[in-house]
Amino acid sequence: MNYILIFFVAHWTSSVFCQTFFLHRYGAHSMFQMNRFWERFFHLATYITQGPSYLNPRAYAILHRMHHAYSDTEKDPHSPHYFKDVFSMMLVTKKTYDDFAYDRNEPERRFDGRVPTWPALDKLGQNWPVRILWCGGYIAFYYAFAPSAIWYALLPFHFLMGPTHGAIVNWGGHKYGYRNFDNKDKSVNSLFFDFLTFGELFQNNHHKFGMSPKFSARWFEVDPAWPLIRLFDFLGIIKITSQQRMRYPAPVQDGVGEPAAFIEPDADYPVAAE
Ligand SMILES: [Zn+2]
Ligand SMILES: [Zn+2]
């Protein structure tokens, strides 16, 4: 039994699930609600599964709301169409993220607020000695179970799990794939069955219907997070509050326009224009 492979897949999957479920769909978009206990539960789960590369929900939400508002323009914090490779894009993304995570920069007011906060945990997530301890833990696990030295090549993914998923989604999801909708940006859907990032690679769908908690739009598309979200709703862990759902083909513009992709301050809860 290859414990390294099991550990890698478990770490990848749990981490990307927390990113799409907690940081993205809940934190940045408020597509559903949960009580204090479950919010803390999933906040902690996000910290544990991202470990040394933990992304704090507020900085993530600000960056992500900017991305929706400015998708593939010069003000987009991470459009692949302004960088020569994924590494240069992620370096700039990291700088913008750090500006908000370390309070060096004030965001536009409409991008701030309405996010889960846990100051003690968010601070722990930015503590360097603790980050190094996490990395030491991964190395120790590999030392104990790696069948050969080549497996150590996977370690950087554990160290940088959160940004790795961000890089795949932000680069691939705006570059490689097909389009269902004309969003006036370069977002695409990269996979039919998004086993890699739990639905995040349906960027084209998501930029069209930004408040739909289900990211797949067509019969052959599978968003693996959606059945889990429905199960959590059924069990009473969360309550899906956004009424918007993907519709393919998209309804003809009725002059009202699509609802906002995130809740603007003092705005009513966005629902689909039926
Ligand atoms: Zn996008
Ligand atoms: Zn989004």
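Where is the place of Phe 198? I found Phe 198 in the loop between H8 and H9.

**Entry 1: Ground rules**

I worked on a predicted model, in which local features need pLDDT of at least 70, side-chain atom pairs count only at pLDDT 80 or more, and totals for chains, interfaces and linings use all residues. Residues are numbered from 1 along each chain as its sequence is written, while chains are lettered from A and ligands numbered from 1 in the order in which they are written. Helices (H or I, at least four residues) and strands (E, at least two) are DSSP runs, numbered from the N terminus.

I looked up phi of Phe 198 and noted a value near 55°, which is positive although the residue is not glycine. Most residues other than glycine have a negative phi, and most peptide bonds are trans. I then checked burial: a residue is buried if 20 or more other C-beta atoms, placed from the backbone, lie within 10 Å of its own, exposed if 12 or fewer, and partly exposed in between. Phe 198 has 23 other C-beta atoms within 10 Å and is therefore buried.

Leu 196 is also placed in the loop between H8 and helix H9 (203-208). Leu 196 has 18 C-beta neighbours inside 10 Å, so I recorded this residue as partly exposed. Leaving out residues up to four places away in sequence, Leu 196 touches Ile 168, Leu 191 and Leu 201; contact requires C-beta atoms, placed from the backbone, to lie within 7 Å. Between Leu 196 and Ile 168 I noted 28 residues in sequence and 9.3 Å in space, C-alpha to C-alpha.

**Entry 2: Two further backbone features**

I found Ser 30 in the loop between H1 and strand E1 (32-34). Ser 30 is not a glycine, yet has a positive phi of about 50°. Ser 30 counts as partly exposed because 19 C-beta neighbours lie inside 10 Å.

Pro 249 is in the segment after strand E2 (238-240). The peptide bond from Tyr 248 to Pro 249 is cis, and I noted its omega near -5°.

**Entry 3: Helix H2**

I compared the length of H2 (residues 36-50) with expectation: its 15 residues should span 21 Å at 1.5 Å a residue, and its end C-alpha atoms are 21 Å apart, which agrees. The expected span is 1.5 Å times one less than the number of residues.

Which residues of H2 are buried? I listed Phe 42, His 43, Thr 46, Thr 49 and Gln 50. Seen down the axis of H2, these residues fall within an arc of 135° (taken from the directions from the helix axis to the C-beta atoms), so they line one face of the helix. On the other side of H2, Arg 36 and Phe 37 are exposed. The buried residues of H2 pack against helix H1 (3-28), helix H5 (119-124) and helix H8 (161-172). Just after H2, I noted a positive phi of about 55° at Gly 51.

**Entry 4: Helix H3**

H3 has 13 residues and reaches 18 Å from its first C-alpha to its last, close to the 18 Å expected. Eleven of the 13 residues are buried, so I described H3 as largely enclosed by the rest of the structure. The buried residues of H3 include Tyr 60, Ile 62 and Met 66. They pack against H1 and helix H4 (86-101).

Conventions. Contact = placed C-beta atoms within 7 Å.
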